[in-house]
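Here is a short briefing to keep beside you while you turn the model around on your screen. Please have the sequence and the viewer open before you read on.

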Amino acid sequence: MNDIGVPIWQLIALLLIATLFIVGRITGFRMVKRLLVGRPLKTRELGQAQQHLVWYLALPILSADLYSSVAYGPEAGATELVGLGRGAEWLILPIVGATVLLLLIIVLSYIMGILAYPNGGGGYSIARDNFRPAWISLVAASALMIDYVLTVAVSVSAGILAIASAYPGLVPYETVLSVICVALIALVNLRGVSESATLFSWPNFLFAACMLFLIGWGVTNDVSHGFVQPQTPPFGVLPKGFTLLLILKAFSSACSSLTGIETISNAVPIFREPKQMGAIKAYVTMTIVTGITLVGIGYQLYVKGITVKPNNTMLSQLTAVYFGHGPIYQIITWSTFLVLIIAANSTFTGFPQLMALVARDKFLPEALSLRGDRLGFSNGLMVLALLSSVLLVVFQAQTNALIPLFAIGVFMSFTIAQIGMMKRWMKLRTKRWQGKAFVNAVGAVVTALVTLVFSATKFSQGAWIVLFAIPLMVSLALMIRRHYARLERELALDVQTELAEEHHVISVLLLSDIDRIALQSVSFAKSIAQDLIAVYIGFDDESIAAVEAKWKAWGEPCRLLAFKNEYRSVLQPLTRLVKRLQTREGREPDHIHILLPQLVPRVWWQFGLHNQRNFVIQAWFLRNQDVVVSTIPYHTRDR
């Protein structure tokens, strides 16, 4: 804090933003954008190989969300059992085992979905194709989009928490550090998928190597000291207070480890050909490595009797048990931080792709389906960065506060996708369709159960926000679709019968003085106008008389109307004139064309030295479809 009570980091941030703005205005924001984002790419470059990823490079990018959750998923399940005491710690083993089994079922379902829907979209594409009502597919899309936003917030906050566990001095700055991380990830992704893959793939490989090394070290320790050690909690005893609902609640929380499974299926288009086979290879590899890591970490947490502690993750405690706080601990801690931060990067790939698919179906603004300078869906990317940053600020980057909102959306989407695939097999009846439908039916039951338990048990802790947001998003999407449908009907043109015709137009040129700006404006107006009227609005008799005298001396190039307004308003008399022209006797105009001279200084800061009333006039007359407003720019020569 400084003398005025403002944190130093806020002053530094404001100074950086102000500096960037000034430099941008002086040099042109195009130069700043080129520096940060890179050169614009041509549309034809979209099909080139460098804009797509080979599967083993796409794997760490798209699986980071799922794989990184091994750092907090088992702990989320264990947290629900803390109240039962030490006797309940063994339950982490069946919980992790059930989580891995569900992982296998869901991945198998999504592999079948990739074969059926190679253009990506995951649960949304499956639901859109197999359910007639549009709202069902929109529920899947809305739930996934909410989960994506929460994934960024949870991953980044968990990453910062991992570092804060090792460096407690960072705890007061968790929120600002989280927002900075989101901004950096967004910036890298704005440069394109290939550049983000090059930068972010290696930390994921490092984290996987660290986790497998930690598990291998633990197994070696178990061989030397026994698979049941003095600190190992008792196994198989049901503690007092144990209920089925509580174990389901713990299992549902542990299933936060499964968020991110859908990312590969949503991002199939970014794989190199053959895209489907590349996505399937990524899924198989991801499942094997994630399953081994979940089981291995869960077992090591049980053997060493690791318990839930505030401001110190279970993974950090386990690492410290084996390696103290030396170099290996630091490497594992920093790799955990990096992979949790980078886990948000996979979401920055899947979320814009999903929004683009929904926008192409006219359920979201069309701008979200447009590609940016680097051929990515940059508008959707920025929406994700903004929403996740807002969440981090609102919840102060507290992972435990965000997790109750987490996973509901993704499991709701899982359920819809599983039912959709089941309907597909029952309709097509392809080879072995019964077995495929059975797998999807089991997955639908389990994921629906997780959704219901999570919603019920976490409702008061924040789950109600997600359950409220999903129908709200669906309603907005349907409203947007109705708007586009009405607009399409209104704009439809019969080219055989509806031909262009000439209209009677009165042009109104607004003048502020008789000078070189007036010379250029009158010359242009006389070149295009059928019926031209010059208008001057003064605030006193002297200024009106002076302009009328200059106009007469200039030879009266067209008719001049001068008005006096003692309230110093230009808009009011101009509006009255337009109404009078629209209702005048004789031949009424079809349109009125208002021409506004605009002074354009050479230097950006000089804009503030001149009246910007033209923007107000343009905005005001937008409401009148028979009034067209045009600007005639006059560029100054001096600097």
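Contact here means heavy atoms within 4.5 Å. With that in hand, please remember that this is a predicted model. The protein chain has 639 residues, and 51% of them count as buried. It holds 23 helices and 5 strands.

**The chain as a whole**

- The accessible surface of the protein chain comes to about 30,900 Å², and carbon and sulfur atoms account for 64% of that area.
- Among contacts in the protein chain with a separation of 6 or more, 80% are between residues 24 or more positions apart.

**Nonpolar cores**

- The largest nonpolar core is made up of 138 residues, and Ile261, Phe348 and Phe411 have the most contacts inside it.
- Helix α7 (residues 134-166) supplies the largest share of this core, with 20 residues.
- Another core lies apart from it and has 19 residues, including Ile533, Phe563, Ile592 and Leu596.

**Gln418, a polar side chain to look up**

- Gln418 sits in helix α17 (residues 408-428).
- Is Gln418 buried or exposed? Its relative accessibility is 1%, so Gln418 counts as buried, the cut-off being under 20%.
- Which side chains make polar contacts with the side chain of Gln418? One is that of Ser109, at 3.0 Å, and another is that of Asn440, also at 3.0 Å.
- Leaving out residues within four places in sequence, the contacts of Gln418 are Ile105, Ile106, Ser109, Val439, Asn440, Gly443, Ala444 and Thr447.

- Helix α10 (residues 244-254) is largely enclosed by the rest of the structure, because 8 of its 11 residues are buried.
- Those buried residues of α10 are Leu246, Ile247, Lys249, Ala250, Phe251, Ser252, Ser253 and Ala254.
- What do the buried residues of α10 pack against? They pack against α4, α5 (92-116) and α18 (433-457).
- Pro74 is placed in helix α4 (residues 73-79), and with a relative accessibility of 4% Pro74 counts as buried.
- Although Pro74 and Ser253 are 179 residues apart along the chain, their C-alpha atoms are separated by 8.3 Å.
- Not counting residues up to four places away in sequence, Pro74 touches Ser69, Ile92, Val96, Ser257, Leu294 and Leu301.

**The second largest pocket**

- The volume of the second largest pocket is about 630 Å³.
- It is lined by 28 residues, and Ile146, Val149, Leu387, Ala469 and Met473 are the closest to its centre.
- Two or more lining residues come from each of α7, α14 (327-360), α15 (378-394) and α19 (463-491).
- Which element gives the most to the lining of the second largest pocket? That is α19, with 9 residues.

**Thr333 in helix α14**

- Thr333 belongs to helix α14.
- With a relative accessible area of 6%, Thr333 is buried.
- Setting aside residues up to four places away in sequence, Thr333 touches Ala162, Ile163 and Ala166.

- Most residues other than glycine have a negative phi, which makes the next two worth a look in the viewer.
- Arg429 has a phi near 50°, a positive value in a residue other than glycine.
- Arg432 also has a positive phi, near 55°, and is likewise a residue other than glycine.
- Where are these two found? Arg429 lies in the loop between α17 and α18, and Arg432 lies in the loop between α17 and α18 as well.
- Arg429 has a relative accessible area of 52%, so Arg429 is exposed, the cut-off being over 50%.
- Arg432 counts as exposed too, at 62% relative accessibility.

How values were computed. Residues are numbered from 1 along each chain as its sequence is written. This is a predicted model: local features need pLDDT of at least 70, side-chain atom pairs count only at pLDDT 80 or more; totals for chains, interfaces and linings use all residues. Side-chain values use heavy atoms; hydrogens and water are left out. A nonpolar core is a set of buried Ala, Val, Leu, Ile, Met, Phe, Trp, Tyr and Cys residues joined through side-chain atoms within 4.5 Å. Buried means under 20% relative accessible area, exposed over 50%, partly exposed in between (1.4 Å probe, protein chains only). Helices (H or I, at least four residues) and strands (E, at least two) are DSSP runs, numbered from the N terminus. Accessible areas come from the Shrake-Rupley method with a 1.4 Å probe; for residues, only the protein chains shown count as cover. A polar contact is a pair of N or O atoms within 3.5 Å; within protein, one must be able to donate a hydrogen and the other to accept it, and residues adjacent in sequence count only if both atoms are side-chain atoms. On a 1 Å grid over the protein atoms alone, a cavity is a set of points where a 1.4 Å probe fits but cannot get out, and a pocket is an open set with protein on both sides within 12 Å along at least five of seven lines; lining residues have an atom within 4 Å of a point. Grid points are joined across faces, edges and corners, and a volume is the space filled by probe spheres set on the points.
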